[in-house]
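Here is a short tour to read with the structure open beside you.

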Amino acid sequence: MTSKPTVLQRLHEWRVAHVSDRMFLLTLAFIVGFFAAVAAFSLHWIINQIVLLLTSSFDRTGANWLYLVYPVVGIYLTSLFVRYIVKDNISHGITRILYAISSNKSRLKSHNCWSSVIASAVTIGFGGSVGAEAPIVLTGSAIGSNLGQIFHLDRKMLMTLVGCGAAGAIAGIFKAPIAGLVFTLEVLMIDMTMSALLPILVSCVTATCFTYIFSGGASLFIFHLDSEWSVQRIPACVLLGVACGLVSLYFIRMMGACEDVFARFKDHPHIKLAIGGTILSLLIFLFPALYGEGYSSINLLLNGRTEADWNQILNNSLFSGQGYMLIPYIALVLFTKVLATSATNGGGGCGGTFAPSLFIGCFTGFLFSRLWNMHGIGIYVPEKNFALLGMAGVMSGVMHAPLTGIFLIAELTGGYAMFMPLMIVSVCAYLTIIIFEPHSIYGSRLARQGKLLTHHTDHAVLTLMNLDSVIEKDYLSVTPDMELGQIVHKISRSHSTVLPVLNPAGLLLGEIDIMKIRNVVFRIELYHHFTAAQLMTDPKARLSDATPMAEVMRTFDRTGANWLPVFDVENHLKGYISRQRIYTMYRKMVADMSED
């Protein structure tokens, strides 16, 4: 007796019969954009409520000892939530999206639709020095991925929906639809074919419109242009771009070093909490500007007109009221922000590096322009403007995304009056950082594993190919003492031209290439004169089941082999890979990626 189809199955069947894939994808893109806007608004609302509850009674004229307590509590609560409720790693949100696209068929787990929102809200609300953008991007992408999985969409459409979620999240957070689109292109490496461009645009516009409905017309950052840009400021813009590139290098390298330190204690969460919580609390106590995302400090630097305005950044600290400490304070905050961010995530908190890159960029631009003006190096430069340019510069360097930096900051200002200096600073920062770091802070982890998807079609196809799916696992093996007659019987039933010779422990001793024993196969009188041990040869190369596909292809080209053995972590034979099968799959995937 057959079971009745579920509601979802009936809906899927109706959709296939009456709605084209293109129209359905656009509909899902609209839904994803809406939910991305809801998630972004909800997260920032929760964070603001927690911050207001915890810090509204703080004394602005001096230090507040509760800065030593709140961050540790936040990290501890987040780690408990992740360990006992989520029971999965939800850190490095954008890196997880990149991994899902390249190695998991764009499939993200269902809990990613909500877990990052809760975890990051607690972390940031209690003072964790990280950003909410990466968790929201992960949430948006997870919504798109799970919607696509519900309706059994193919890999390409699923990837597009993941991009829609990420783009909608960025567009919604910053009310910057073009930045959302460009972010998906540059950071997630999703190619802008015509079939993907329109759904992502729909998601960006939808998320932006609903964010305006939810929160009104106010921008995340308030900025009023101080003075028009002039050609005489080109040298200052170029040097600021170089400075932002070097600061980006410091950001990436220091983050990596701190992550390595915390990774040593991955099996000891209490030690990680103690180290991370202590570092974070002390830094926030000394420099309250490090509390949370730091957007209030950014707005102070972007909107200050007098020294009294800018000195407000010293409020709540030991340096409150000491205006002469402004420059040292800003420099120290700039260089300790990376430590605070690393301590937050390393100690067990949840958050991203998007906001920290904006924060550090703003402080870099302000510090650069203040020192430039103090020492009379060249023509006067507006410090507010350069604080804004620094945001674009460091973001471009850290994320390896100059277009995202340009368009995001341009849209945040409500116009394009700063477009030319934004381009100069962003491009110079990017050109500086790529000398030292070929990959962004998000892609460097995956690049080391050969799992980073790029815009290079050949490399992208090899990254998307799944090694496990092309391994022939139903091979026939022989023992070293097996006689030629029995080997011929095995050959008649084999699907490959290679027979592995295994010892009793299952380890590969050698292989018999059918093409190399043609001279004896048909001589029946020799069937009892040769054994497998006499006929076997060493394989031309050995592959691990963790070998990147690009390396697999290079190995085939280098050895000229038609079949190569693949081994698991215990060095047991897992199966064989056929050159013909790999090339057939490769050609098919290239055709699929190029058909648009």
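Let's start at Phe335, which you will find in helix H14. Keep in mind as you browse that this is a predicted model. Phe335 has a relative accessible area of 41%, so it counts as partly exposed. Its C-alpha lies 9.8 Å from that of Met254, although 81 residues separate Phe335 and Met254 in sequence.

**Where H10 meets H14**

- Helix H10 (residues 234-263) packs against helix H14 (residues 326-346) at an angle of about 30 degrees, and their axes are 9 Å apart.
- The crossing of these two helices, H10 and H14, is right-handed.
- On the H10 side, the residues that take part are Val247, Tyr250, Phe251, Met254, Met255, Cys258 and Phe262.
- On the H14 side, they meet Leu334, Phe335, Val338, Leu339, Thr341, Ser342, Ala343 and Gly346.

**The chain as a whole**

- The protein chain has 25 helices and six strands.
- Its C-alpha trace spans about 100 × 55 × 50 Å along the principal axes.
- Of its 596 residues, 54% count as buried.
- Among contacts in the protein chain with a separation of 6 or more, 75% join residues 24 or more positions apart.

**The largest nonpolar core and H15**

- The largest nonpolar core contains 114 residues, and Phe174, Phe183, Phe354 and Leu358 have the most contacts inside it.
- Helix H15 (residues 354-374) gives the most to this core, contributing eleven residues.
- As general background, nonpolar side chains tend to be buried together in soluble globular proteins.
- Phe354 is in contact with Glu133, Ile170, Phe174, Phe183, Met395, Met399, Leu408 and Tyr442, leaving aside neighbours within four places in sequence.
- H15 is mostly covered, with 18 of its 21 residues buried.
- How far apart are the end C-alpha atoms of H15? They are 30 Å apart, which agrees with the 30 Å that 21 residues should span at 1.5 Å a residue.
- After H15 comes Gly376, which has a positive phi near 55 degrees.

**Helix H7**

- Why can H7 be called largely enclosed by the rest of the structure? It is because 18 of its 20 residues are buried.
- Asp154 caps the N-terminal end of H7, with a side-chain oxygen 3.2 Å from the backbone nitrogen of Lys156.
- Just after H7, Lys175 takes a positive phi of about 55 degrees.

**Ser297 in H12**

- Ser297 belongs to helix H12 (residues 295-303).
- Is Ser297 buried or exposed? Its relative accessibility is 6%, so Ser297 counts as buried.
- Apart from neighbours within four places in sequence, Ser297 is in contact with Ala289, Ile313, Phe359 and Phe363.

**Gly575 in S6**

- Gly575 sits in strand S6 (residues 573-578).
- With a relative accessible area of 0%, Gly575 is buried.
- Not counting residues up to four places away in sequence, Gly575 touches Ile471, Glu472, Lys473, Tyr475, Leu564, Pro565 and Val566.
- Gly575 and His375 are 200 residues apart in sequence, and their C-alpha atoms are 68 Å apart in space.

Notes. Residues are numbered from 1 along each chain as its sequence is written. This is a predicted model: local features need pLDDT of at least 70, side-chain atom pairs count only at pLDDT 80 or more; totals for chains, interfaces and linings use all residues. Side-chain values use heavy atoms; hydrogens and water are left out. Buried means under 20% relative accessible area, exposed over 50%, partly exposed in between (1.4 Å probe, protein chains only). Helices (H or I, at least four residues) and strands (E, at least two) are DSSP runs, numbered from the N terminus. A polar contact is a pair of N or O atoms within 3.5 Å; within protein, one must be able to donate a hydrogen and the other to accept it, and residues adjacent in sequence count only if both atoms are side-chain atoms. Contact means heavy atoms within 4.5 Å. A nonpolar core is a set of buried Ala, Val, Leu, Ile, Met, Phe, Trp, Tyr and Cys residues joined through side-chain atoms within 4.5 Å. Axes are lines fitted to C-alpha atoms, for helices over the stretch in contact, and angles run from 0 to 180 degrees between N-to-C directions. A crossing is left-handed if the near helix is turned anticlockwise from the far one by less than a right angle, and right-handed if clockwise. The expected span of a helix is 1.5 Å times one less than its number of residues.
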